[in-house]
Amino acid sequence: MKNLLLCLLLFSVTLTGFAQNTEGWEKLYVGTFTSEGAEGIYLCNFNPKTGDIQLERTFKAIDDPSFLKISPDKKYIYVAGRANEKIEKSGGYIYAYKIEINGDISFLNKQISHGKDPCHVDVSADGKFVAVANYTSGTTALYPVAQDGTVNPACSVNQNEGSGPDKSRQASPHAHSIKFSPFDSSVFSADLGTDQLDIFLLKNEKLTKTEQKFVKIPEGSGPRHFDFHPNGEIIYVINELNSTVSVVKNQNGEWKVVQNISSLPGDFTAESYCADVHISNDARFLYGSNRGHNSVTIFAIDNLTQKLTYKGTVGVEGNWPRNFTLSPDNKFMLVANQRSGNITVFKINEETGFPEFTGKQIQLPAPVCLEFLN
């Protein structure tokens, strides 16, 4: 009997030891590929002082929630998810969830994505529209958002056209990302298959082509993701197929490529494919991830021209960094390594901009998107 009581006491102490006070920690949602062994969307807690990260709970019953975006008012989260082709042929969905006070998410509704393999989603600054990019079909779609956060049926669907020189990857359009401009009513979409940054105008609940329909990125580049400079005149486009970043500048109302720069060291000759790109809050540095080289590249941003200077790379302590994010205070970088199934935490050197591995990480299967709530 004494032994039983001792065991129960030790068990209780062990549980208490694992429990942590997460007051002041930040909520981090993790999108995954359930087709690669994950269970759905994971909710983690992140300590913005120490860099510690821990799993809080898992939200299941969604296939391949590969990209997440939280509404500006932090009340809703929208998810791009592939359809299970063994069960249905819809191609994919855009899901709407309500974010509860404790971080839980409650399903609201879903709409078909109007294309195969939805891979990117964004929300307008006023929260009234959601847009999705469908990779395999090369389509983009726009959805009005109701007052309760649900997505209404698509009010605008666009089919991209064209191809690129890489016939194994660019035989047809492949819309890989879509973003609302934070400065005006423009909407941009990177198409890997056509080597174009497409330009739309959001007007009367439609995505319509502007007078300048697209920016042509150098052939064979394969534009994937992009980020905006806070001056509103520069867009940084990261290119998957040739591992470069294109600097796109607005010159007298016309967007033009003014620089192309490699994201890899000059002596690296093996295969590598760029994935994600983010600018620092102070606009001093640009970061891009390299799958294959398994690193993050650091570029310095010129204060006058906003052009880039290659500074170096840092290994991500994992395999296949499909997505990464900066903490809200920009003091940490978190990298989602798809193939090694881990999220690694780096402290950013404020002077040099270089991420420095903290030794802290969390194992999660097939992480492919990181989205902070705070």
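How many bridges join strand 21 to strand 22? In this predicted model, six bridges link the two strands, which span residues 285-291 and 295-301 and run antiparallel. Within this pair, Asn290 has Ser295 of strand 22 as its bridge partner.

Strands of a sheet pair through backbone hydrogen bonds.

Ser272 sits in the loop between strand 19 (254-262) and strand 20 (273-279). Ser272 is buried, because its relative accessibility is 7% and the limit for buried is under 20%. Its side chain makes polar contacts with two backbone atoms. A polar atom of this side chain lies 3.0 Å from the backbone oxygen of Arg291. The backbone nitrogen of His293 lies 3.1 Å from a polar atom of the Ser272 side chain. Beyond four places in sequence, Ser272 touches Glu240, Ser243, Leu264, Asn290, Arg291, Gly292 and His293.

The largest nonpolar core contains 31 residues. Those with the most contacts inside this core are Tyr29, Ile41, Ile77, Tyr78, Ile105 and Val130. Several strands supply two or more residues, among them strand 2 (41-46), strand 5 (76-82), strand 6 (92-99) and strand 9 (129-134). Strand 6 gives the largest share, six residues. Ile105 is in contact with Tyr29, Ile41, Phe59, Ile77, Tyr97, Lys98 and Ile99, leaving aside neighbours within four places in sequence. A second, separate core has 16 residues, including Ala38, Phe46, Ala336 and Val345.

The cysteines were examined last. A disulfide is a covalent bond between the sulfur atoms of two cysteines. The structure holds zero disulfides. For Cys44, the closest cysteine sulfur is that of Cys369, 13 Å away, which is too far for a bond. For Cys369, the closest is that of Cys119, at 11 Å, again too far for a bond. The cut-off for a disulfide is 2.5 Å. Both Cys44 and Cys369 are buried, with relative accessible areas of 0% for Cys44 and 1% for Cys369.

Notes:
Residues numbered from 1 in each chain as written. Predicted model: local features only at pLDDT ≥ 70, side-chain atom pairs only at ≥ 80, totals over all residues. Heavy atoms only, no water. Buried < 20%, exposed > 50% of the residue type's maximum accessible area, 1.4 Å probe, protein only. Helix = DSSP H or I, 4+ residues; strand = E, 2+ residues; numbered from the N terminus. Polar contact = N/O pair within 3.5 Å; in protein donor to acceptor, adjacent residues only side chain to side chain. Contact = heavy atoms within 4.5 Å. Pairing = 2+ DSSP bridges. Core = buried A, V, L, I, M, F, W, Y, C linked by side-chain atoms within 4.5 Å.
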